[in-house]
Amino acid sequence: MKQKFDIISSTCVPLPLENVDTDQIIPARFLKATTREESFFGENLFRDWRYNPDGSINESFVLNNPEYSGEILVAGKNFGSGSSREHAAWAIAGYGFRVVISSFFADIHKNNELNNFVLPVVVSESFLANLFASIEEDPKTIVEVDLQNQTVTNKATGESEKFEINGYKKYCLMNALDDIDFLLENKDKTVAWEEAAKA
């Protein structure tokens, strides 16, 4: 969903598991879907963890725990490994997450998130561990992600870290632009350059 980013202040959903791959984020059987509706993929985010084999709700899984909610998913190291399926980013966005915080992302998945208006924030392992601890102690812990200043702050402890982001993607997120939108926004500059090149 195209939404302008500035400062996101939210409670978090903790997923303290390492090496979560894209098949766990959205199982392969959903790649055959003929829709790209965000709600469809959001409903099936972590499908095989959210539901038991008989279709009943797995009450022990964090997304089914009413104590946890928010626009920020806090995940363990190496999030989004495995296949390059963009459907995984669709599912995260479709569920309503706008930020994913981890100490490491698989590169392709990280770019897929950015292309789908989800901000992947890379933090140190110590910051991540402290954040998990804060959320476990108080599920209402607030985290503030400031894209303009590229900072993430654990409001429970006051601890803050800077994060890196490609300048182009930062501009696109802050202005709710996808790649086509950006090209159209700069159409006049492109035409002027082409005309100058012909002269």
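Asn154 sits opposite Glu159 of strand β8. Strands here are DSSP runs of E with at least two residues, helices are runs of H or I with at least four residues, and both are numbered from the N terminus. The partner strand is β7 (residues 151-154), which runs antiparallel to β8 (residues 159-162) and is joined to it by 4 bridges; strands count as paired if DSSP finds at least two bridges between them. The hairpin leaves 4 residues between β7 and β8, and Gly158 takes a positive phi near 85 degrees there.

A word on how to read all this: the model is predicted, so to speak of local features a pLDDT of at least 70 is needed, side-chain atom pairs count only at pLDDT 80 or more, and totals for chains, interfaces and linings use all residues. Residues are numbered from 1 along each chain as its sequence is written, and side-chain values use heavy atoms, with hydrogens and water left out.

Zooming out, the protein has 9 helices and 8 strands. Its radius of gyration is 18 Å, close to the 16 Å that the globule rule gives for 199 residues, so the protein is as compact as a globular protein of that length. That radius is taken over C-alpha atoms, and the rule is 2.2 Å times the number of residues to the power 0.38. Along the principal axes, the C-alpha atoms fill a box of roughly 65 × 45 × 25 Å.

Strand β3 (residues 72-75) pairs with β2 in the parallel sense, over 4 bridges, and Leu15 stands opposite Ala75 of β3.

Then there is helix α4 (residues 87-95), which is largely enclosed by the rest of the structure because 7 of its 9 residues are buried. These are His87, Ala88, Ala89, Trp90, Ala91, Ile92 and Ala93. The buried residues of α4 pack against α1 (22-25), α2 (38-43), β4 (99-102) and α5 (107-115), where contact means heavy atoms within 4.5 Å. Just after α4 comes Gly96, with a positive phi of about 115 degrees.

Note on methods. Buried means under 20% relative accessible area, exposed over 50%, partly exposed in between (1.4 Å probe, protein chains only).
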